[in-house]
Amino acid sequence: MKKINYILVLLFLLSGCNYDPIYKSKDTNFTIISFEIKDKNSLTSQITRSLRTYNSSEGSRQYDLKIEAKKSKIVTSKDSRGNIKSYRLIIECNYEIFEKNEKIKSKKIVESFNFNNADNKFKLRKYEVSIEKDLMSKIIDNLIFDLYSL
């Protein structure tokens, strides 16, 4: 009974706090006019999909983006028989931000994650995809933060 009361009080307090996300796309002071993709792949497609909401906003500053992203999977350790024990997934993103055809910021972001090999390759691939999504989320958040801070 105490647990239910505690949960109800917690829900009541949280619902009354009027939470708003910090980076709402409708309250931006910028808009992204165009994306230039150097190597079209799933990573750059994910970035452009995430930033598409900023493409239609009516901001006072207008930016063009050049984006390049690549992924690599490196073997980090093997056992005595030569079987792979662990990997490192590295995602590297280079982007340049232009305003009125003048470069105002250029940045390279590298995110990596180490993980162990698994016998079930299907589960390993699903785990690798989820790691990739998490790393891309960090990169996209970093890019959005840079756009807000200009």
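This report describes the sheet, the helices packed on it and the aromatic contacts of a predicted model.

**The sheet**

The strands form an open sheet of four, in the order β1-β2-β3-β4, and the pairing within this sheet is mixed. Its edge strands are β1 and β4, each of which pairs on one side only, and from one strand to the next the twist averages 25 degrees. Strands of a sheet pair through backbone hydrogen bonds, in either a parallel or an antiparallel manner. The table sets out the neighbouring strands in turn, with the direction of each pairing and one example of bridge partners.

| Strands | Direction | Bridges | Bridge partners, one example |
|---|---|---|---|
| β1 and β2 | parallel | seven bridges | Phe-30 and Arg-61 |
| β2 and β3 | antiparallel | 14 bridges | Asp-64 and Phe-98 |
| β3 and β4 | antiparallel | 14 bridges | Ile-90 and Ser-112 |

Strand β3, which spans residues 84-99, is mostly covered, with twelve of its 16 residues buried. It is joined by antiparallel bridges both to β2, which covers residues 61-78, and to β4, which covers residues 102-116.

Helix α3, for its part, lies across β1, β2, β3 and β4, and runs at about 155 degrees to β4.

**Aromatic contacts**

How many aromatic pairs does the model contain? The count comes to six aromatic pairs. In one of them, the rings of Phe-30 and Tyr-63 have centres 5.9 Å apart and planes at 40 degrees, so this pair is tilted, given that planes under 30 degrees apart would count as stacked and those over 60 as edge-to-face. Because Phe-30 lies in strand β1 (residues 30-37) and Tyr-63 in strand β2, the pair ties together parts that are 33 residues apart in sequence. Both Phe-30 and Tyr-63 are buried.

In another pair, Tyr-54 and Tyr-148, the ring centres are 6.3 Å apart and the planes stand at 85 degrees, so the arrangement is edge-to-face. Tyr-54 belongs to the loop between α2 (42-51) and β2, whereas Tyr-148 belongs to helix α3 (residues 121-149), so that this contact ties together parts that are 94 residues apart in sequence. Are these two tyrosines, Tyr-54 and Tyr-148, buried or exposed? Tyr-54 has a relative accessibility of 5% and therefore counts as buried, and Tyr-148, with a relative accessibility of 18%, also counts as buried, since the term applies under 20%.

The residues of these two pairs belong together, in that Phe-30, Tyr-54, Tyr-63 and Tyr-148 form one aromatic cluster. Phe-30 also takes part in the pairing of strands, with Arg-61 as its bridge partner in β2.

A contact of another kind involves Lys-73, whose charged end sits over the ring of Tyr-87, at 4.3 Å from the centre of that ring.

Terms used. Residues numbered from 1 in each chain as written. Predicted model: local features only at pLDDT ≥ 70, side-chain atom pairs only at ≥ 80, totals over all residues. Heavy atoms only, no water. Buried < 20%, exposed > 50% of the residue type's maximum accessible area, 1.4 Å probe, protein only. Helix = DSSP H or I, 4+ residues; strand = E, 2+ residues; numbered from the N terminus. Pairing = 2+ DSSP bridges. Phe/Tyr/Trp six-rings, centres within 6.5 Å; stacked < 30°, edge-to-face > 60°. Lys NZ or Arg CZ within 6 Å of the ring centre and 35° of its normal. Axes fitted to C-alpha atoms, helices over the stretch in contact; angles between N-to-C directions. Contact = heavy atoms within 4.5 Å.
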